[in-house]
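Have it open while you read.

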Amino acid sequence: MPLAFVEAVQGRLTLTALNRAARREGLSPGLALADARAAVPGLATLPAEPAADLSALRRLALWMSRYGVRVVLERPATGDPRKSKARQLRAAIGAPDGIGIEITGVAHLFGGEKDLLADLVRRLSGFGLTVRPGLADTPGAAFAVARAITSGKLHDRIVPPGETAARLAPLPVAALRLAPETVMLLHRLGLKTIGQLAQVPRPNLERRFNSRDVGAAVLTRLDQALGVAGEPARSLVPPTRFGVRRTFAEPLVSSEGVMAALGDLATGLAETLAKAEAGARRLVFALYRSDGSLVRIPAGLSRPSREAGHFHRLLADKLAAVDLGFGVDLMTLAAPATEHLGAAQTALADLASSRAGDVASRAGDVALLIDRLASRLGMDRVLRLSPHASHLPEQAEVLVPVFAEPASPRSDPPPPKRGGARPPFLLPHPEPVAVVAEIPDGPPARLEWRRRRCRIVRAEGPERIAPEWWQPLLGLARPDETEARPKRRARTRDYYTIEDEAGRRYWVFREGLYGREESEAPPAWFLHGLFA
Amino acid sequence: MRADPERSLAPAPTPQARERASACSFSHGPAGRPWTLGIEDIDRFLPGHGLAPGGLHEVKPATPADTPAAQALGLALMARWLRAAPPRARLLLWAATWRDIGEAGRPYGPGLAALGLDPAHLILIEARRDSEVLWAIEEGLRAGALAGVVGSVAKLGLTAARRLALAAATYETPCLLLTPATLPSVPVAMSRWRVGASPGARHALDASLPAQMRFHLTLERCRGREAGRSWIVEWSDASFRFRLAAPLADRASRPGFARRPAG
């Protein structure tokens, strides 16, 4: 039954993709739906979902990273590859419709290029997909072979090394990833095949086009296909230097099996890292499920490590929540971020110290704890306090992720205590309070905060903290102002430690001095910290 | 640092010296040390002469307004325990939700020194939900590498509390739970303290200045002891010690004492 996907293009419904039956009826993508209906009354249609198509293709591409180090999404026509105005580029770029894999140095793992391709076709066919593979020396040539060769035999779809020019010669120029208008132009010039194109002297070719850009585009694509010009490609998955992989003849379905394999991989990765004197800061554990989907489990480490046990525990936590589906037939463990880590380390030292029941092994346990906390809660939620040189109380200390530095006792002495008392608890933002106080600089006598009123019986202050004139800090909002940070210069603060009749202690300040800083807004009171 | 009369006049083996001595011989986990308040009257009352280090202890404010007091007392108590630990093992995990931090503030390094806590020893967890706080507390306890865990939770189920109590006991890591005043308390806690602010000590020179902080401390529950005793304790931010502020305050609650005729 003829079936087509339709999408509204410039206000009219247009066919975007067709099945074989529809193609046999003579329809082609780009045709208006009304015209297609006239030609084939029984045409069934479905709305196209380009976004879903793209994400499905991306998922599949990630899964394909099992076959090679670099995976890219291929686009049918990308206009001028060298330079192009942004608008032209947008118009020329089609939606990605293929997946490119770089298999340099990988084929032998599968028993040769032919076996690799056969394995790939077998698996993808198993998912119910139709595959048109192509294998060649360059991405351009592989692209052309995959799309232009009609033979179903794998032998015809693999271009042996060095035969690229010969094998590409009979293929149509459309296979060169050129924009449709350029292809039409070439046809008009009588250049139907890549071979004919390659024979034309280059200066002549450039002159024949109406614009330099088009000529340059054709030549660049030709050179890229023939391997004369390089072609940078951005991989979906960044290739990593440190990684280990394990394939399974039969898909693993039990989590125990996966866990055991993870242990092997962790040991393998630790050995690889040890040879290079490196320690991992980030790990990515990838599970390739046999149904063509991929699960990636990332994990961060608070300090460089190459302890297999650490890797294992860290990832095992997250593995428990993973649905293995129909089984896992390939697992990889990679360390995309590493740091130098000297040879003297870890297992031996840890063994010795744990035997002595010493605290050194605790440092490792703490690192593991922090890694676990951060990997579940997020790195920006596991924090430590770090003193900072500032007189402003809220800036005298910054919260930094524990990851920034291993949690260890501080080596430098704490900053000298300046000024008056500081509360053990600071509110995230100073909160406006209603205060009755003597003008100009008496301590509060009454305080209303969060709808609770209290009488202040004791007070100490003021401790005057001037704004840092070199910092463009904005003023604080008074209770009657809606804006969180009014555009106002910061003003002097007078801090008071006050105690109410019940013994509760607050740290409050008045922003602004009476008589001197009143011009823009009257001074206002804020509660900043709590003692008890 | 202010001159502290207690320190200079103390008899030869002070509790601190004892703690230091026991810290030096520390070899097999922190279980051997007692976790005292440093107030003989209270420590004597507690089983094992102090709080159980491998246990869950609940600290509750008397009223919602006393939450900072409960937090401060909890941290001061933990700081006492930390100072007795060997220097490398003094890490403390503090976990709270964003909401709790907005309510009662987050630990502030420059002010923690007054509670006897080095900010460098603190790992802060800012969680989105109570469940994350509970998870973080449990992980912290189970790591077995921390000196203690302080967590602030708004809701606490019995199962979750049991898990925490079990983890604290198994890994011998003390756990302080700060819970809201209105939350029904958990029966698995080794002790439950109700903390309220109390008018501070009189300043020696000027009565209008705040001096040492005082807390109204009630032991609402303690495994193996009758509950309901209360004390007023005073925190000295110079010597980092608690002391009993008003010994008389306790006598009133003892049956028979207050009703005794004056003559």
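How many bridges join strand S6 (residues 242-252) of chain A to strand S9 (residues 328-340) of chain A?

1. Seven bridges join S6(A) to S9(A), and the two strands run antiparallel. Here, strands are DSSP runs of E with at least two residues, helices are H or I runs of at least four, and both are numbered from the N terminus. Two strands pair if DSSP finds at least two bridges between them. Arg246(A) has Met331(A) as its bridge partner in S9(A). S9(A) is also joined to strand S7 (residues 278-289) of chain A, by ten bridges and again antiparallel; there, Ala278(A) is partnered by His340(A).

2. Before going on, some housekeeping: this is a predicted model, in which local features need pLDDT of at least 70, side-chain atom pairs count only at pLDDT 80 or more, and totals for chains, interfaces and linings use all residues. Residues are numbered from 1 along each chain as its sequence is written, while chains are lettered from A and ligands numbered from 1 in the order in which they are written.

3. Chain A also has an open sheet of three strands, ordered S2-S1-S3, with mixed pairing. Strands S2 (12-18) and S3 (44-47) of chain A are the edges, each pairing on one side only. From one strand to the next, the twist averages 45 degrees (axes are lines fitted to C-alpha atoms, and angles run from 0 to 180 degrees between N-to-C directions). The parallel part is S1 (residues 3-9) with S3(A), joined by four bridges; Leu3(A) has Ala44(A) as its partner.

4. Have a look at helix H12 (residues 212-226) of chain A. Its 15 residues reach 21 Å from first C-alpha to last, close to the 21 Å expected at 1.5 Å a residue (that is, 1.5 Å times one less than the number of residues). Its buried residues include Val214(A), Val218(A), Arg221(A) and Leu222(A), where buried means 20 or more other C-beta atoms within 10 Å of the residue's own, with C-beta atoms placed from the backbone. The buried residues pack against helices H6 (139-148), H8 (164-168), H9 (180-188), H10 (194-199) and H11 (202-208) of chain A. Gly227(A) follows H12(A), with a positive phi near 85 degrees.

5. On to the interface. The contact takes 51 residues from chain B and 46 from chain A, counting two residues as in contact if their C-beta atoms, placed from the backbone, lie within 7 Å. Strand S4 (122-127) of chain B is among the elements contributing two or more residues to chain B's side, and S4(B) supplies the largest share, six residues. S4(B) is also joined to strand S10 (residues 382-387) of chain A by two bridges, running antiparallel, with Leu383(A) opposite Leu124(B).

6. Finally, the cores. A nonpolar core is a set of buried Ala, Val, Leu, Ile, Met, Phe, Trp, Tyr and Cys residues joined through C-beta atoms within 7 Å. In the largest, of 114 residues, Leu92(B), Trp94(B) and Ile125(B) touch the most other members. Not counting residues up to four places away in sequence, Ile125(B) touches residues of both chains, including Leu373(A), Val382(A), Trp94(B) and Ala136(B). Apart from this core lies another, of 68 residues, among them Ala136(A) and Tyr288(A).

Technical notes: Buried ≥ 20, exposed ≤ 12 C-beta atoms within 10 Å, placed from the backbone.
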